[in-house]
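Please keep the sequence and the model in view while reading.

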Amino acid sequence: MRKILLVTLAASLIITMAGCLKDKGFENEEYGIQIKEVKAVAFPEVLGSPIVVGINSQATPQIIDGPLITLEQEGVAASDVKITLEINQALLPLADTNLVALLPTQFSINTLNVTIPAGERLSDILKITIPNSSLLDATTAYGIGLTIKSVDQGYIVAANLKDIVFAFNIKNQYDGKYSIKGKFYHPSYPYIPFATTVEMHTSGPNSVKMYWPAADDYANPWSTGSALTWFDLQDPDFTINPATNAVTVQNVSAGAVTFYVMGQGFDNLGYNSRYELTPVPPNTTPKTIYACYGYNAPGGVFAAGTTRMWIDTLVYTGPR
């Protein structure tokens, strides 16, 4: 009865509101609640902040694409929209307490005044230049914070999408392009082998995040038997212990609800997740990562029907 009553009341409200909408006084905004479109400006990539970028150690300038800026509205801008940004290094410890602020002499931004032209909805004009990264410490992560300060044409600054942080790491020795082959266990697609190419992007002094170019996403691909696929909100980050070359993998997606454990193999006899800089027979290729990891596997123990687990071999093929 309660559900029926609620539906009846809702229908009554809809009828009443529809009647009001036909009222001339309402339409002339003489009374009633007037709902208008809210137009805002935002950094759409905020959920991924800090945006981690790997750069080469070099004495010549490197130019990196800065954050996108979008108009949050229906349709495009009717006239030019002018946006003012500011550098805000106070954002760094809020994003990552390990970030060190780049000094004004260590970077430049092509502009802090962005115009989204009439007929457009997005700007990708921002560029960040690092003039001499050879002077930066390869064991340190650096950052730049940006805030949308103001906007004209009646737009508002989206309060939850106005701040973004870019983090810069000198590309480590594990960064590059890799061929990957392996198997993934899913109860519906058990042990199906796959092979493709991925990139490993520097995410810290001794860590790299797997990027699959075919999906344009951070992910570890796997096969259904008829096609390669991947999981959303699973960004595999590989950390290599420089003392032992042991590899651990964790999901670092900003929206992660699934987290990994290192696996003991499909047979539970143990698996040596590791990085090999020099060839170890029978492998003849240097710079190879071996990893067994997954989830729904307490203690790394594989359980058919429950566990999801990858066993990967990644062979370095060159720089990216």
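How many bridges join β7 to β10? The answer is 2 bridges, and the two strands run antiparallel.

## Basis of the report

The model is predicted: local features need pLDDT of at least 70 and side-chain atom pairs count only at pLDDT 80 or more, whereas totals for chains, interfaces and linings use all residues. Residues are numbered from 1 along each chain as its sequence is written, and side-chain values use heavy atoms, with hydrogens and water left out.

## The chain as a whole

The chain has 3 helices and 25 strands. Both kinds of element are DSSP runs numbered from the N terminus, a helix being H or I with at least four residues and a strand being E with at least two.

Of the 320 residues of the chain, 42% count as buried. Buried means under 20% relative accessible area, exposed means over 50%, and partly exposed lies in between (1.4 Å probe, protein chains only). The accessible surface of the chain is about 16900 Å², and carbon and sulfur atoms hold 58% of that surface. Such areas come from the Shrake-Rupley method with a 1.4 Å probe; for residues, only the protein chains shown count as cover. Among contacts between residues at least 6 apart in sequence, 66% join residues at least 24 apart, where a contact means heavy atoms within 4.5 Å.

## The sheet of β3, β10 and β7

Three strands form an open, antiparallel sheet in the order β3-β10-β7. Its edge strands are β3 and β7 (108–109), each of which pairs on one side only. Two strands are said to pair if DSSP finds at least two bridges between them. Within this sheet, I109 stands opposite I128 in β10.

The side chains of D65 and K127 meet in it, at 2.5 Å from N to O. This pair links distant parts of the chain, since D65 belongs to strand β3 (residues 62–65) and K127 to strand β10 (residues 127–130), 62 residues apart. D65 is exposed, with a relative accessible area of 51%, while K127 is partly exposed at 28%.

## Salt bridges

Side chains of opposite charge can pair when their charged atoms come close. A salt bridge is counted when a side-chain nitrogen of Lys or Arg lies within 4 Å of a carboxyl oxygen of Asp or Glu, and the count here comes to 4 salt bridges.

One of them joins D163 to K162, with the closest N and O atoms 3.3 Å apart. D163 is partly exposed at 24% relative accessibility, and K162 is partly exposed at 27%. Another is formed by R274 and E276, at 2.9 Å from N to O. Is E276 buried or exposed? E276 counts as buried, at 9% relative accessibility, whereas R274 is partly exposed at 22%.

## Aromatic rings

The structure holds 21 aromatic pairs. Rings of Phe, Tyr and Trp (its six-membered ring) pair if their centres lie within 6.5 Å; planes under 30 degrees apart count as stacked, over 60 as edge-to-face and the rest as tilted. The rings of Y178 and Y316 have centres 5.5 Å apart and planes at 80°, so this pair is edge-to-face. The pair links distant parts of the chain, with Y178 in strand β14 (residues 176–185) and Y316 in strand β25 (residues 308–318), 138 residues apart. Y178 is buried at 1% relative accessibility, and Y316 is partly exposed at 21%.

F184 and W222 form a tilted pair, 4.9 Å centre to centre with 45° between the planes. F184 lies in strand β14 and W222 in strand β18 (residues 222–223), 38 residues apart. Both residues, F184 and W222, are buried.

## Charges over rings

A charge sits over a ring if NZ of Lys or CZ of Arg is within 6 Å of the ring centre and within 35 degrees of the ring normal. R274 lies over the face of Y290, at 3.9 Å from the ring centre. The charged end of K287 sits over the ring of Y316, 4.0 Å from its centre.

## The hairpin of β20 and β21

Strand β20 (residues 236–240) pairs with β21 in the antiparallel sense over 5 bridges. The bridge partner of P236 in β21 is N251. This hairpin has 6 residues between its strands, and N245 takes a positive phi near 65°. Strand β21 (residues 247–251) has a covered face of V247, V249 and N251, and an uncovered face of T248 and Q250.
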